[in-house]
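Good morning, and thank you for coming. Please look at the structure on the screen while I speak about its charged side chains and one of its pockets.

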Amino acid sequence: MPQKCNLPIGIQALEKIRRGDHYYVDKTPHLLRLVSEGGYFFLSRPRRFGKSLLLDTLRCLFEGREDLFRGLYVESRWDWSVRYPVITLDFGGGVVTTREGLDARIRDQLHWNRERLGVSLDRQTDIPGEFEALIRGAHARSGERVVVLIDEYDKPILDNITEPEQARELREGLKNLYSVLKTVDAHLRFCLLTGVSKFSKVSLFSGLNNLNDITLDEPYAAICGYTDEDVDTVFAAELPGLDRAEIRDWYNGYRWGGADTPSVYNPFDLLLLFQKRRFAPYWFESATPTFLVDLLSERGVFTPRLDAMQTEAELLGRFDVDGIATEALLFQTGYLTVHAVEEPMTGYWLYTLGYPNREVESSLNQALLPALGVAESPRQRLSLFRILQAHDLDALEVHFKALFASLPHDWYRNNPIARYEGHYASVFYSHFAALGLRISVEDSSHMGKVDMAVEFGGHVYVFEFKVVEQVPQGRALQQIKDKGYADKYRGRGQPIHLIGVEFSREQRQVVAFEVETA
């Protein structure tokens, strides 16, 4: 039997993991490659993906802490006789809301680095002057060029993103700091900045033209997170008693690259699953995406399309105080991930985004339901679950008619999404998705695309939605039959139920709910 170790839940220090008999997934092959390429790097990953541990591992590597790397890939491939001065800056702790607070935080960290590296500050100067003096002084004192590692580089801005004036002020303060990296190139051995979002070079890294963004580079797709192989080998002792297929379905699926790149698990999810031995949305519950939900509601996003959103590469990086692309926000925060990458013509890259796994799909739709007008979503979810358990299609019709009747009239009048025809389908889809069911949206068949298919309890439910002001009544069910949408499910030996749902924009209600078993 594999040997059990301690679970490194919340541990961001390599030394604590290696000396405390914790599980450790060896990321040093990725780090060795990165370091050998040299230069200035930027990496974006969602929260709780191990970015801080990654930086701490790099710190220990450059400081020559050979004892911490015994048995790891890098041990025999690194020159342990050379020790580099390492400057670390971390903006992950606490919340700053003013430029004065940010400047004080920066100065405090520069002071701490000076003390640790034995570098004195000979004269009073501004923050860029202090940072430059620290880098030059550390190089002169050690004789080796300096390594700069910056964690959560964007957090002060993100903490204030709903207050644009404050966010801009803090952005300028950080820009003031990061601009130094260009001027001290001769003194730097390596530099890595990590964060959740990718702010444009113009807004935050003006002049730092050699900053290499490795976020979507295939060789570094698994630099953070656990792969299936890691789960089956490193964590093999934790797997007995858990459904391996469910682990994959619930938590795997984050991808930064094409279909050939490995997908990964969020470490926070897996470690808590192994500790608590029950499936739950651990990552999602660790931070409520209020700003995200408000923005999606404001922009009238058609929720069924979130699992197949196409975008250009340029839009994935368009994130700034003055304009946040929906695709960039969802991708960079981890609610959508890369499903496919295409180059339909030379130099033009097209990304298809979708949910990474059922945890995110279910949890995000739970959070979105109130924004769609469903006030008592937990009670409504339980009701839907009981109806599906009993396979009571008459009750399903009554349930949805009551659900739409309960949407407040003021909500229709005030919320922009009500102007979209897709609002009705959004409520329907998000209500099912919030239960964590297996759902296919606009699933391709040989005759076209069905609006939604749901699998539960050995039954398949095939839905088509229509608005009666646009097409004659009775067309929804007829289209399912005419197009043969159920054909692809027939080989499973499960009962298939065709459901045509028709809405009236004027009545704000489901006006037809026709059911036929195939």
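In this predicted model, Asp-103 and Arg-99 form a salt bridge, with 3.2 Å between the closest N and O atoms. Both belong to helix α4, residues 99-117, and because they are 4 residues apart there, about one helical turn separates them. Arg-99 is partly exposed, at a relative accessible area of 22%.

Side chains of opposite charge can pair when their charged atoms come close. A second pair is Arg-492 with Glu-455, whose closest N and O atoms are 2.8 Å apart. Arg-492 lies in the loop between α22 and β14, whereas Glu-455 lies in strand β12, so this pair ties together parts that are 37 residues apart in sequence. Arg-492 is partly exposed at 40%, and Glu-455 is partly exposed at 24%.

Next, consider Glu-516 and Lys-481, whose side chains meet in a salt bridge of 3.1 Å, N to O. Glu-516 is in strand β15 and Lys-481 in helix α22, so parts 35 residues apart in sequence are tied together. Their relative accessibilities are 32% for Glu-516 and 35% for Lys-481.

Glu-15, Arg-19, Arg-65 and Asp-67 are linked in a network of salt bridges. How many salt bridges does a search of the whole structure find? The search finds 29.

I turn now to the second largest pocket, which holds about 440 Å³ of space. Its lining has 20 residues, and among those nearest the centre are Asp-307 and Glu-361. The lining divides into 10 charged, 7 nonpolar and 3 polar residues. Strand β11 gives the most to this lining, with 6 residues.

Notes. Residues are numbered from 1 along each chain as its sequence is written. This is a predicted model: local features need pLDDT of at least 70, side-chain atom pairs count only at pLDDT 80 or more; totals for chains, interfaces and linings use all residues. Side-chain values use heavy atoms; hydrogens and water are left out. On a 1 Å grid over the protein atoms alone, a cavity is a set of points where a 1.4 Å probe fits but cannot get out, and a pocket is an open set with protein on both sides within 12 Å along at least five of seven lines; lining residues have an atom within 4 Å of a point. Grid points are joined across faces, edges and corners, and a volume is the space filled by probe spheres set on the points. Helices (H or I, at least four residues) and strands (E, at least two) are DSSP runs, numbered from the N terminus. Ala, Val, Leu, Ile, Met, Phe, Trp, Tyr, Cys and Pro count as nonpolar, Asp, Glu, Lys and Arg as charged, and the others, Gly among them, as polar. A salt bridge is a side-chain nitrogen of Lys or Arg within 4 Å of a carboxyl oxygen of Asp or Glu. Buried means under 20% relative accessible area, exposed over 50%, partly exposed in between (1.4 Å probe, protein chains only).
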